[in-house]
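Subject: Model for your files

Hello,

Here is the structure we spoke of, with the sequence alongside. My notes on it follow below.

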Amino acid sequence: MPTDSTILQAAGIHKRFTGVNALDDVSFTLRRGEIHALMGENGAGKSTLIKVITGVYPRDGGTVTLDGEPIYPRSPKDADDAGIRTVYQEVNLVPYLTVAENLLIGRFPKVGGFICWGKVRAMGREAMQRLGINIDVSRPTNSYSIAIQQMVAIARAVMTDDRRVATKVLVLDEPTSSLDAAEVDQLFLVMQRLREQGVGIIFVTHFMDQVYRISDRITVLRNGRFVGEYLKRDLPRLELVSRMMGRNIEEVAAMNQYRPATSASSAKTGGGIEVKGLAKAGKVGATSFPIRPGEAVGLAGLLGSGRTETARLIYGIDRADAGTLTLDGEEISPTSPRKMILAGFGMTPEDRKIDGIVPNLSVRENMVLGLQSRHGLLKKISTRQQYAIANEYIKKLNIKTPHADQPIKNLSGGNQQKVLLARWLVTKPRLLILDEPTRGIDVGAKAEIEKLVGELCQQGMSVLFISSELEEVVRTCARVVVLRDRKQVGVLEGNDVEIAGIMKTIAMHEPNAAEAGTR
Amino acid sequence: MSQTPPNSLSPANSFRPISMAQKILGMRVLWPLLALALLLAYNAIFTPGFFNVTVVGDRLYGSLIDVLSNGTIVAVLAIGMTLVIATGGVDLSVGSTMAIGSALAAMLVIPPTMTPNVVSGLGWNFWPSVIIACSAAGLIGLFNGFLIAVVRIQPIIATLIVMVAGRGVAQMITGPFKPDVKASALYMAMGNGYFLLLPLGVAIVVVVFGLCAASTRLTGLGLALETVGDSPSAARYAGLRVKLITVSAYVFSAICAAIAGLIDASKTSAADPINSGIGMELYAIFAVVVGGTALTGGRFTLVGSIIGALLYQALNTTLLSTKIAGHDIKPAYLPLPIAIVIIMVSLLQSVKFREALLKPFASKRRAG
């Protein structure tokens with residue numbers, strides 16, 4: 001509700017894309033000096049709302065006022081000129097330029113037509129200091145961590161000069177998704193500093209902990225509609241989740257209680273897949289572990305520990321130069337994805353957009369692709385069969401799409417992931433490799449995917465599950481292979497599968513690494 | 001809920017099937033078809049006798065038949081080019097491959113002679129000669145595919161190399177001659193014969209189109225081509241043999257080029273290694289792109305490419321029969337008006353452009 005402190009007010013916003021109402025009568029109010037979290041599941045309309053406010057999309061209806069003045073930004077530059085600044089998930093900096101150059105690119109201070117580099121550095125340093133960061137701005141940007149690069153992007157966004165008005169609104173779209181815990185702390189300090197300076201910050205994220213740590217207010221969207229605006233203290237977590245998912249609290253609580261069957265009860269004796277020392281020089285050291293039928297095996301470790309690399313070796317994307325794989329005792333060397341698919345494997349890759357979806361093809365075509373390539377290209381899956389499959393899985397996995405012929409790129413991330421899951425479920429695989437299946441998707445879809453993994457295991461399928469979120473690994477997997485520095489450092493089973501145990505296993509080898517470092 | 005404008009949809013029915021109108025507007029072949037219809041309508045009004053078709057003996061005569069007959073070369077090339085473009089590539093070598101194919105077939109069918117300064121061939125039958133010519137073209141396609149899929153040279157560069165080198169190869173085959181193909185009645189029939197009252201070339205297009213459509217759409221090959229073109233990495237994760245699929249598109253395109261070369265040589269009764277197929281790669285690309293297959297790869301439409309080829313030919317024929325202020329348009333000037341049509345049709349295919357074009361009307365409707 002507008003008050004004196006309101007900076008940005010969006011009311012009754014409508015935005016339609018062909019066939020889909022992306023935003024339907026959505027309101028959003030941002031006040032001076034507040035951090036306002038925008039929450040919602042995938043497809044809720046968060047990014048669309050941000051894009052309407054920042055001028056990426058023209059709105060189809062509704063009003064946006066900034067400081068009481070109605071605005072109609074037609075391009076991101078329009079919004080920028082008005083004082084609405086955005087920092088996107090992917091850092092948009094030129095990696096080889098210095099920090100100062102990145103900060104001042106396009107508006108270098110000049111003396112007599114020549115760039116005054118001393119001033120560039122001074123202004124760059126000052127801009128970073130305003131955020132409380134003291135770094136050498138004359139070093140190349142890519143020599144700094146992603147977190148610092150993010151700060152540079154923020155500094156650039158909020159920088160002002162005589163030609164640029166002060167920042168009134170700062171939009172941070174998933175700013176923490178590639179940061180580690182310490183880096184998140186650093187970012188939050190910057191956000192708090194900007195809040196003190198009176199900037200209104202719109203914070204879009206999937207991390208609930210972060211929302212409760214830093215934000216003042218929370219607006220929830222669902223299915224393109226406004227659900228409500230709440231003060232953080234008035235909205236307990238469970239209630240937030242239920243608002244986002246449109247489910248009642250008991251249901252959500254039940255979902256959180258879901259636990260995987262332990263290996264003892266679900267894994268049938270004998271048989272299955274045995275990874276025997278698969279390794280590739282320069283990528284990942286030898287890993288060895290069994291994957292029994294009806295078992296979900298987790299690959300856990302820090303970023304860059306070799307989880308994806310291991311999965312790629314098992315799936316035949318990269319060719320292992322040592323080790324082998326056995327299927328029910330028979331040796332098979334994973335030399336190509338095709339070979340492994342014929343052996344009953346399937347994989348949803350980490351980079352969904354590049355390696356997973358075929359963006360311009362329909363949901364239906366994306367779904368039958370695995371089966372078609374398994375059948376061979378000469379035996380076409382009839383169009384009728386394709387529709388039958390597509391409609392079955394759209395229903396089964398609760399995929400939100402207007403119809404089976406929608407290009408998959410128009411779906412939200414979580415729904416795209418479900419289509420990719422369906423692509424392999426259709427082939428009834430014996431092993432499904434899921435590399436970060438829940439990255440960048442919302443709580444509801446996450447829970448659904450976790451639940452699905454459990455069901456698949458009950459049906460006797462095996463799952464190799466990779467996730468950065470240890471909670472998720474622990475909830476899903478009966479056996480966890482722990483990797484560190486591209487080496488297997490342990491396998492946990494049964495009751496040992498718990499977060500503390502995994503962390504201990506990762507840390508256990510710390511002294512060795514330190515030794516290696518001192519040499 | 002009550003403030004919701006009546007034209008907005010509730011979430012329950014916002015996920016509804018696309019309407020018929022949207023389906024038609026979304027059809028790729030709509031815009032080239034519309035352009036073709038407009039062009040024909042123009043001719044119906046301004047070109048006297050354009051639609052007159054008469055039967056003389058075993059064949060039909062008329063401007064429309066000329067369009068069909070002359071359009072066969074670009075049409076055959078466009079069919080092959082469609083698959084290449086679907087994989088996200090492009091084949092600039094088809095013009096040179098036309099020259100190689102037609103020259104090779106000519107040298108094989110021309111009878112041997114000892115007479116000096118007269119081209120001496122092998123005197124083979126027509127069919128084995130054609131098979132050899134098409135196989136040789138297939139090897140060229142294989143080479144293209146190898147450069148692109150294995151050596152990983154960009155398609156435009158790889159096929160440019162073959163385009164330039166291919167001209168040389170064609171001249172090596174013929175020597176200093178421009179072999180006359182009148183010696184083979186079947187060769188001469190390729191571009192000049194008739195079948196069921198229509199030019200034989202039309203039947204050839206129908207057969208090539210039919211084979212191509214059947215082998216892509218009645219199998220999983222079409223989906224595989226589109227997947228490879230849209231996202232090669234995803235194709236690999238899905239278990240498709242990306243390299244094999246890419247290479248086969250170039251092989252097929254080269255074979256189509258050899259067939260087009262035969263028709264071309266037949267029409268001029270000589271396999272000209274220097275001029276046969278010059279610039280044809282660009283017209284084939286024109287036909288494919290105007291027909292609705294994007295150069296970025298992925299979705300392809302063979303029907304669209306045929307319509308694109310007909311549009312190209314009809315445009316040529318129309319412009320040649322049009323007089324501006326009493327003067328004929330010189331054939332050399334034709335590329336200019338054709339370029340304008342390419343731009344128009346390409347823009348109309350863009351959803352964004354159409355939205356921008358219709359915006360003034362759309363906002364008025366909402367206001368009212």
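In chain A, helix H20 (residues 510–518) has the lowest mean pLDDT of that chain's elements, at 40, while strand S18 (residues 345–348) has the highest, at 96. pLDDT is the predictor's confidence in each residue, from 0 to 100; helices (H or I, at least four residues) and strands (E, at least two) are DSSP runs numbered from the N terminus.

This is a predicted model, in which local features need pLDDT of at least 70 and side-chain atom pairs count only at pLDDT 80 or more, while totals for chains, interfaces and linings use all residues. Residues are numbered from 1 along each chain as its sequence is written, chains are lettered from A and ligands numbered from 1 in the order in which they are written, and side-chain values use heavy atoms, with hydrogens and water left out.

Chain A has a mean pLDDT of 85, with 90% of its residues at 70 or more. A contact means heavy atoms within 4.5 Å. Where pLDDT is low, the predicted coordinates should not be read in detail.

Now to chain B. Nine of the 11 residues of helix H13(B) (residues 280–290) are buried, so this helix is largely enclosed by the rest of the structure. Buried means under 20% relative accessible area and exposed over 50%, with partly exposed in between (1.4 Å probe, protein chains only). Among the buried ones are B:Glu281 and B:Phe286. Their cover includes helices H3 (30–46), H7 (155–174) and H15 (335–349) of chain B. Just after H13(B), B:Gly292 takes a positive phi of about 115 degrees.

Helix H9(B) (residues 200–217) has 18 residues and reaches 25 Å from first C-alpha to last, close to the 26 Å expected at 1.5 Å a residue (1.5 Å times one less than the number of residues). Its buried residues include B:Val205, B:Val208 and B:Cys212. Down the axis of H9(B), the buried residues fall within an arc of 155 degrees, so they line one face; the arc is that of the directions from the helix axis to the C-beta atoms. On the other side, B:Val206 and B:Leu211 are exposed.

Last, the cores. In the largest nonpolar core, of 174 residues, A:Ile314, A:Tyr315 and B:Tyr187 touch the most other members. Such a core is a set of buried Ala, Val, Leu, Ile, Met, Phe, Trp, Tyr and Cys residues joined through side-chain atoms within 4.5 Å.

Regards
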